[in-house]
Amino acid sequence: MSYNNITLGNVNANNVGTLAIIVNSTLPITYPDTFFNEVLTSDRGTFYSKIAYFNEIPVGSIKAKLIQNSKSRISSTGIYIEFITVLEHYQNKGIGKILLQYIEDECKRSYQHSIYIHVAVDNTNAITWYEKNDFKREGDILKGYYKDTTGSPDAYILKKNV
Ligand SMILES: CC(C)(COP(=O)(O)OP(=O)(O)OC[C@H]1O[C@@H](n2cnc3c(N)ncnc32)[C@H](O)[C@@H]1OP(=O)(O)O)[C@@H](O)C(=O)NCCC(=O)NCCS
């Protein structure tokens, strides 16, 4: 598979609205602007975010957060992927894989050893995709984890050691 026409770009004040559109049109949850705008400053922690372009068209995105010294049941130390999304028409072209590779590189660069995510239990496509990318299910189902979703409120934690 050729990845030549896929590039990643930084999120900035001009394109953060595009990020919101990509995410809110692919996931069953609608996030507020504050959720996207927080990547523009360091006030609320260290974030990793990119927009993926296919032939210069913005079609995918990722946002992740550095979690340090966590003792919570639902968040552990490492890099937590808050979302990774590719518009349906552009899926299966290797774009998700490149976005994930970016986070794996950042994980090593920040001396972290794990990447994890929450995924709705009914999102079987994403679960299969993460398992194909060496994520393993960890712990019990988190009942009622998602609020205001049109999908299942219950989530799995999937984790990858890097
Ligand atoms: C999950 C998602 C990000 C994957 O992105 P993508 O760009 O379609 O995935 P890629 O094309 O990079 O996939 C790479 C590999 O996985 C395979 N793959 C893709 N989708 C798959 C699936 N549903 N099940 C199994 N394998 C899959 C591809 O065939 C490819 O395999 P290869 O390397 O052997 O050729 C994308 O499907 C998506 O945005 N889904 C909706 C949003 C979502 O649920 N996100 C996750 C929760 S935040």
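## One residue and its contacts

Start with Val-119. Leaving aside neighbours within four places in sequence, Val-119 is in contact with Ala-126, Ile-127, Tyr-130, Ala-155, Tyr-156 and Leu-158. Two residues are in contact if their C-beta atoms, placed from the backbone, lie within 7 Å.

Take one of those partners, Tyr-130. Tyr-130 lies in helix 4. Tyr-130 has 25 C-beta neighbours inside 10 Å, so Tyr-130 counts as buried. The cut-offs work like this: a residue is buried if 20 or more other C-beta atoms lie within 10 Å of its own, exposed if 12 or fewer, and partly exposed in between, with C-beta atoms placed from the backbone. Again leaving aside neighbours within four places in sequence, Tyr-130 touches Ile-117, Val-119, Phe-135 and Leu-158. Tyr-130 and Val-23 are 107 residues apart along the chain, and their C-alpha atoms are separated by 18 Å.

## About the model

This is a predicted model: local features need pLDDT of at least 70, side-chain atom pairs count only at pLDDT 80 or more, and totals for chains, interfaces and linings use all residues. Residues are numbered from 1 along each chain as its sequence is written.

## The whole chain

The chain has 4 helices and 7 strands. Their order along the sequence is β-α-α-β-β-β-α-β-α-β-β. Helices (H or I, at least four residues) and strands (E, at least two) are DSSP runs, numbered from the N terminus.

A compact globule of 162 residues would have a radius of gyration near 15 Å; the chain has 15 Å, which agrees. The radius is taken over C-alpha atoms, and the globule rule is 2.2 Å times the number of residues to the power 0.38. Along the principal axes, the C-alpha atoms fill a box of roughly 40 × 35 × 30 Å. Of the 162 residues, 27% count as buried. Take the contacts between residues at least 6 apart in sequence: 61% of them join residues at least 24 apart.

## The nonpolar core

Which residues touch the most other members of the largest nonpolar core? They are Ala-52, Ala-64, Ile-79, Ile-81, Ile-103, Val-119 and Leu-158, out of 34 residues in this core. Several elements give two or more residues to this core: helix 1, strand 2 (47-54), strand 3 (57-71), strand 4, helix 3, strand 5 (114-120) and strand 7 (155-161). A nonpolar core is a set of buried Ala, Val, Leu, Ile, Met, Phe, Trp, Tyr and Cys residues joined through C-beta atoms within 7 Å. In soluble globular proteins, nonpolar side chains tend to be buried together.

Helix 1 covers residues 16-24, and Leu-19, Ile-22 and Val-23 are buried there. Seen down the axis of helix 1, its buried residues fall within an arc of 95°, so they line one face of the helix. The arc is that of the directions from the helix axis to the C-beta atoms.

Are they buried or exposed? Ile-57 counts as exposed, with 10 C-beta neighbours inside 10 Å. Val-59 counts as buried, with 22.

Leaving aside neighbours within four places in sequence, Val-59 is in contact with Ala-52, Tyr-53, Phe-54, Val-86, Leu-87, Tyr-90 and Ile-95. Val-59 and His-89 are 30 residues apart in sequence and 8.8 Å apart in space, C-alpha to C-alpha. Ile-57 and Asn-5 are 52 residues apart along the chain, with their C-alpha atoms separated by 10.0 Å.

## Around the ligand

There are 21 residues around the ligand, and Gln-91, Gly-96, Lys-97, Ala-126 and Thr-128 come nearest. A residue is near a molecule if its C-beta atom, placed from the backbone, lies within 6 Å of it. Strand 4 (76-86), helix 3 (95-109) and helix 4 (124-132) each supply at least two residues of this shell. Helix 4 gives the most, with 5 residues.

The shell divides into 9 nonpolar, 9 polar and 3 charged residues. Here Ala, Val, Leu, Ile, Met, Phe, Trp, Tyr, Cys and Pro count as nonpolar, Asp, Glu, Lys and Arg as charged, and the others, Gly among them, as polar.

## Two positive phi values

Tyr-111 sits in the loop between helix 3 and strand 5. Phi of Tyr-111 is near 60°, a positive value in a residue other than glycine. Tyr-111 counts as exposed, with 6 C-beta neighbours inside 10 Å.

Asp-134 is in the loop between helix 4 and strand 6 (136-142). Phi of Asp-134 is near 70°, also positive in a residue other than glycine. Asp-134 is partly exposed, with 14 other C-beta atoms within 10 Å.
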